[in-house]
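Take a look at the fold below and let's walk through it together. We'll go strand by strand, then turn to the core and a few helices.

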Amino acid sequence: MAVDNDGIAVVTLQRPPVNSLNLDLLQAMNNTFDDVAKNKSKGMILTSASPTVFSAGLDIMEMYKPDPKRVETFWVTLQDMWLKLFGASFPTAAAINGHAPAGGCLIATSCEYRVMLSGKFTIGLNETALGIVAPTWFQDSLRHTIPTRQAEIALTTGKMFTVDEALKVGLIDETAADKAEAIEKCKKFIKRFDKIPSLARGMTKQIFRQEVLKKLLTNRQADTKQFLDLVNQPKVQQSLELYLAMLKQKSQK
Ligand SMILES: CCCCCCCCCCC/C=C/C(=O)SCCNC(=O)CCNC(=O)[C@H](O)C(C)(C)COP(=O)(O)OP(=O)(O)OC[C@H]1O[C@@H](n2cnc3c(N)ncnc32)[C@H](O)[C@@H]1OP(=O)(O)O
């Protein structure tokens, strides 16, 4: 993690090749978010070390033929990551310098501001296209970002937005020519709060987001059980195997 002179933490996801979210990466993210809060940084910008992928979402390998204890810890750690990021009192922004499907889009929409690189990248919650259902809090993060009607259509169709489409619907706030420009634009957003008392800002954000946060906090066990029941179904395991094979075949082309 690098903290620049302005006191803004720039956190770079660095798990090659595609920043898929496995247990270790999620734990590292949670520790980093705690550090950013403790260090009283002015704000945090999330970006990726990959030139083409912000994050490929959840690591499918964590869900394929899983160890029962590990997969439960994986899900609870993912919930923690979302609760910390979506509920952070400090300002958050995402410099999206590549594709952001599913869990990648979840990270981006948990932030308060998004700048995405122009180019052939896509962003969205594509779960239905994979035959799975985006959990309530994934859906809520999208609904919190774009108008409800567009969110419903995007979720039910598993839409992956191009950069232009994402800008038009408000899924991203700005575009940038390169990563440095994206980070600069995120910093400019965070600096808007320089003259706003941070306690008032943080409390206002928490009030604004509390309904959605409370939904997961009060339903955590049920949400975990639902995930574990789903992931342990033979049919789901079969789909995961096929999906992994498809990804592998595609990457070898
Ligand atoms: C499918 C049924 C699941 C049921 C389980 C129920 C669980 C409920 C959970 C609900 C919420 C789910 C949220 C998620 O985030 S699921 C993950 C969804 N993510 C994706 O669909 C993205 C898949 N990846 C891609 O589309 C591309 O990789 C990407 C556009 C991101 C980048 O393309 P690029 O060409 O740069 O890279 P490659 O495709 O060649 O990939 C390189 C290697 O990385 C492996 N890979 C890619 N994505 C993942 C992933 N999400 N998990 C694990 N591994 C991944 C890919 O296989 C390549 O590996 P090899 O080099 O070994 O071949």
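What follows is a short tour of this model.

First, some housekeeping: this is a predicted model, where local features need pLDDT of at least 70 and side-chain atom pairs count only at pLDDT 80 or more, while totals for chains, interfaces and linings use all residues. Residues are numbered from 1 along each chain as its sequence is written. The protein averages a pLDDT (the predictor's confidence in each residue, from 0 to 100) of 96, and 98% of the residues score at least 70.

Buried here is a matter of counting: 20 or more other C-beta atoms within 10 Å of a residue's own makes it buried, 12 or fewer makes it exposed, and anything in between is partly exposed, with C-beta atoms placed from the backbone. E2 runs parallel to E3, joined by six bridges; for two strands to pair, DSSP has to find at least two bridges between them. Look for threonine 12, whose bridge partner in E3 is threonine 47. Between these two strands the chain crosses through H1, and this β-α-β crossover is right-handed. That label applies if, with the strands pointing away from the viewer, the path from the first strand over the helix to the second runs clockwise.

Now slide over to E4. To get from E3 to E4 the chain passes through helix H2 (residues 68–86), in another β-α-β crossover that is right-handed. E4 also runs parallel to strand E6 (residues 113–117), with four bridges joining them, and there isoleucine 96 stands opposite methionine 116.

Isoleucine 96 turns up again in the core. The largest nonpolar core has 67 residues, and Ile45, Ile96, Ile123 and Cys186 touch the most other members. H2 gives the most to this core, with eight residues. Such a core is a set of buried Ala, Val, Leu, Ile, Met, Phe, Trp, Tyr and Cys residues joined through C-beta atoms within 7 Å. Leaving out residues up to four places away in sequence, cysteine 186 touches Ile45, Ala93, Ala95, Tyr113 and Val115; contact means C-beta atoms, placed from the backbone, within 7 Å.

Helix H3 (residues 103–110) is mostly covered, with eight of its eight residues buried. Helix H9 (residues 234–252) is hardly covered, and the count of buried residues among its 19 residues is zero. Leucine 23, in helix H1 (residues 23–38), is partly exposed, with 17 other C-beta atoms within 10 Å. Among the residues that leucine 23 touches are Arg70, Thr73 and Phe74.

Note on methods: Two residues are in contact if their C-beta atoms, placed from the backbone, lie within 7 Å.
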